[in-house]
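Please walk through this structure with the coordinates open. Begin with the charged side chains, then move on to the rest of the chain.

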Amino acid sequence: SDSHWVPWPPAAAAGSVRRPWHLQRKMQRPQAAERPRLAVAKNAATGDHVVSKSSACLSVATLLKNMIGAGIFSLPIGLHYATPVPGLLILGSIGLVSGLSYWMVGYCCIVWQVDNFRSLWHRALSRESAWVIDVTIFLNGWFTLVGYLVLIGDFTTKSFEGLLGADHLLSRNRLLDQWCITLILLLPLSLAQDLSKLAFTSMLGLAVTVYVVVLVLHDSWRSSAADWSPDMVFCEWSVGAFQAIALYTHAFVAHYNAPKLFAELERPTFPRWTAVVGSSYVIAFVVYAAFAVAALRRFEAEVEGNVLRNYGPQISVLVAWLGMGFSIAFTYPIVFNSAREACVNLMTPISERVLSSPRLQELLRSPRFQRRFGQKGRSVSLVNVLGEKPRGGKMSAWQNAGITCVIVFLTAVVASFCTDVGLVNALAGSLMGCSIAYLFPALLFFRTVLAQLRGLESHGLDEPLLNGQGPKADQARPARLGSPVLMKLSLGVACLIMVAGVCFAVLGTVMALKP
């Protein structure tokens, strides 16, 4: 894998001839301690933060932890919509395409030398369109929060039914449970400024998810009927396949974390990145397929959008309900924090444009307004000397509390009218999952490879592959995808993924909203 680290040629002396590219590959590569790293792993001598590196096995575990979550509970109903044989084929195809698009993000990170999605978007596309990232983060977080509240309603009512009896008020009133949890627990946690103490929820959620998977597999093995029911259809291609695509896409989405995972990977070369992504998605497919088949085998046509709702209040199931309820409740503020930050990023330029309006400025400076509401900003004399008062900076405590209360309240209202988490996951997969997993990675990859091909055509193999990136003695030249022919073929693959993402989004949304 170290063969992909090829140094830039040293500065040529006057009158000397630069060595051709195919001969430069025979140059002695630098030692491991001197090998150039990505921009995210900066030199410690400068005082910058150095990103800790992770082994390939740890990177696989991290990716699986980010991928396998609450979306797994809706996979059995997707298999029921599409029927088992086509459903498994669709699940494998979605996993393959999602893994390929995930790999594309890492490739772009290698080429552009970045460690986060925003920087990658700036380099491959433009800063002017970066608002698309904030819109995506906010909407994806919105659907996730609504899904969390729907699951909280499921788990709390089931848990109270097992603990307090089926006739208790908390066991019968789902809305009461949701709003009590929202006001007593979720809102205070979302208002908290420091979320470092909630780091344990990541491992708690992973442990509970593993427990639920083992529980469903074990129950299916012991309690399923000897034979499938006569009404069960195993292979039939129908429009239900598009509902399954939306659910499966949501289950495989983890692409927002790809740049960070790549930056933390030890010796991030193409073969190692391919091994990490391929291993992770193969393991995820095996877990998803086994879980979906086991749950469908156990409940068949009666399977629900949240498969845990099919179970009665046994002790083992009660542990799963309580564990998932606590895990989701303490994960809610972590997801909420990202959605709120994206919302603020979207609102800031809008508010600045409104406040910079000449008519509004004239109104704020008018004597009548200042006599009635007080002096706002700087006086005219100070403006003449210092200029306008800067409007940037952090939000005040009141602004933060106001935005937090509004978003939490709206997510709770939407969740109050929805009792099927399968519908939420289907909409999240079709509207946001297809964009995050297919459209954006393929678009970034297309622009990146296109820039490389243009560099090859303009400067030849001895010049930088990216416009404006001059050779430096202390940098490593990023390895190419392969020959120019292979790179052009990859552009066609990226276009197909983008088209598929748009089609899946439209059809999945229509099928999810179909009564």
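Predicted model: local features only at pLDDT ≥ 70, side-chain atom pairs only at ≥ 80, totals over all residues.

Asp-154, Arg-174, Glu-304 and Arg-309 are linked in a network of salt bridges. Side chains of opposite charge can pair when their charged atoms come close. Take Asp-154 and Arg-309: their closest N and O atoms are 3.7 Å apart, and they form a salt bridge.

Are the two partners buried or exposed? Asp-154 has a relative accessibility of 2%, so it counts as buried. Arg-309 is partly exposed, because its relative accessible area is 28%. Arg-309 also forms a salt bridge with Glu-304. There the closest N and O atoms are 3.5 Å apart. Glu-304 has 29% relative accessibility, so it too counts as partly exposed.

Another salt bridge joins Arg-298 and Asp-219, with the closest N and O atoms 2.7 Å apart. This pair also links distant parts of the chain: Arg-298 is in helix 12, Asp-219 is in helix 9, and they are 79 residues apart. Asp-219 is buried, because its relative accessible area is 16%. Arg-298, at 28%, is partly exposed. How many salt bridges are there by this rule? The count comes to 7.

Now step back to the whole chain. The chain holds 19 helices and 2 strands. Of its 515 residues, 47% are buried. Take the contacts with a separation of 6 or more: residues 24 or more positions apart account for 82% of them. The accessible surface is about 25,900 Å². Carbon and sulfur atoms own 64% of that surface.

Next, look inside helix 18, residues 421-459, where Thr-448 lies. Thr-448 has a relative accessibility of 0%, so it counts as buried. Which residues does Thr-448 touch, not counting those up to four places away in sequence? They are Tyr-107, Cys-108, Val-111, Trp-112 and Ala-124. A polar atom of its side chain lies 2.8 Å from the backbone oxygen of Leu-444.

Cysteines come next. How many disulfides does the structure hold? The number is 0. Cys-503 shows the reasoning for one sulfur. The closest cysteine sulfur, in Cys-434, is 9.8 Å away, so the distance is too far for a bond. For comparison, the cut-off for a disulfide is 2.5 Å between sulfur atoms. Cys-503 counts as partly exposed, because its relative accessibility is 39%. Cys-343 counts as buried, because its relative accessibility is 13%.

Finish on the surface. Val-85, Leu-89, Phe-234 and Trp-237 make a nonpolar patch there, of about 420 Å². Where is Trp-237? It is in the loop between helix 9 (200-223) and helix 10 (240-252). Trp-237 has a relative accessible area of 58%, so it is exposed. The cut-off for exposed is over 50%.

Methods
Residues numbered from 1 in each chain as written. Heavy atoms only, no water. Patch = residues over 30% accessible without salt bridge, like charges linked within 9 Å, V, L, I, M, F, W, Y side chains within 5 Å. Areas by Shrake-Rupley, 256 points an atom, 1.4 Å probe, with all protein chains shown as cover. Salt bridge = Lys/Arg side-chain N within 4 Å of Asp/Glu carboxyl O. Helix = DSSP H or I, 4+ residues; strand = E, 2+ residues; numbered from the N terminus. Buried < 20%, exposed > 50% of the residue type's maximum accessible area, 1.4 Å probe, protein only. Contact = heavy atoms within 4.5 Å. Polar contact = N/O pair within 3.5 Å; in protein donor to acceptor, adjacent residues only side chain to side chain.
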